[in-house]
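This briefing turns to the pockets of a predicted model and to the confidence behind it. Please look over the sequence and the structure first.

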Amino acid sequence: MKRRLLDILICPACLPGERPLGASVAREEDGEIVSGRLDCRTCGSRYPIEDGTAHLLPGPGGGPGGQSRYEEEAAASAYLWSHYGDVFDSPGAGDPEAGGAYRRWAGLLPERAGLAIDFGCAVGRMSWEMAARSELAVGLDRSRAFVGLARRLAREGTLDFGLSVEGTLSERRTVRLPAAWRDANVEFVVGDALAPPFPAGLFGLVASLNLLDRVPRPLRHLQEVGRVAAAKGARLVFSDPFSWSAEAADESEWLGGRDEGPYPGSGPDNVRRILERETRPPWSVSEAGALWWKIRNHRNHYELIRSEYFLATR
């Protein structure tokens, strides 16, 4: 964990209060905190730093956690392909089946001084894109496995992994960071998109990609996106396929996809209304559209997902 994060981290368990965290550093190398602990003097929560990763999930113990399927090797293979399939083996090469959604989403964001945050960063592709456009990008995800892979890529510049082929068969693939990303400042932390451990108004660039229908309280996520974004001059790229499911969230929490409740009807319409009318300060949606996003589960099984997006500014 970069030492500079100590200046911007707050206790997620104390939200909406903004309580600073104290650090007990056990090991540090070249400005990176490798091991130690973050402590909240207000509520007593403790958050470990292990192998350079800060684990900032609120709750008892504050330790590592995450949705179990995102900790499995099969999910890592699928998401590494989805995020980096276009840069496998050598920059500019890659898998001809790979999609270009992340390049297109990143192309919506300007270069801007200051900080960026990638909510639900998974294995980090959008975080790297944002880091190349900002002073520092922070990728936030609940999955310990995903964050660990992203941090390995940041540390080593290359990552070998097993790409699922069929059954238990796999073949080796290599991700190498393109030259434009290698000097970019990026950090990855384990945390909750419903309780991001950052103060209000901190980030000038914000991304939330394909996350809203995966969290148990979608409205809370949009509120937290608005809270941590700068009150003036912020840029948000938001996307989601709006695949509501009771597995991810109780139906009463959905922001669309049903006839009753506070948000009946279309998810995209409701989210746009929340951003423009119910968030303070409000967002102004300047562009809307849809992109096809792909996941590879094995050589003969791809998921092609239509993800609707908004570009919004303050």
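**Confidence and pockets**

The chain has a mean pLDDT of 93, with 96% of its residues at 70 or more.

This is a predicted model in which local features need pLDDT of at least 70 and side-chain atom pairs count only at pLDDT 80 or more, whereas totals for chains, interfaces and linings use all residues. Residues are numbered from 1 along each chain as its sequence is written, and side-chain values use heavy atoms, with hydrogens and water left out.

**Largest pocket**

- The largest pocket holds about 760 Å³ of space, where a pocket is an open set of points on a 1 Å grid over the protein atoms alone, at which a 1.4 Å probe fits, with protein on both sides within 12 Å along at least five of seven lines, and a volume is the space filled by probe spheres set on the points, joined across faces, edges and corners.
- Its lining (residues with an atom within 4 Å of a point) has 40 residues, and Arg69, Tyr70, Tyr79, Asn210 and Arg214 lie nearest the centre.

**Second largest pocket**

- About 350 Å³ of space lies in the second largest pocket.
- Of the 19 residues that line the second largest pocket, Lys2, Glu32, Arg151, Ala154 and Arg155 lie nearest its centre.

Technical notes
pLDDT is the predictor's confidence in each residue, from 0 to 100.
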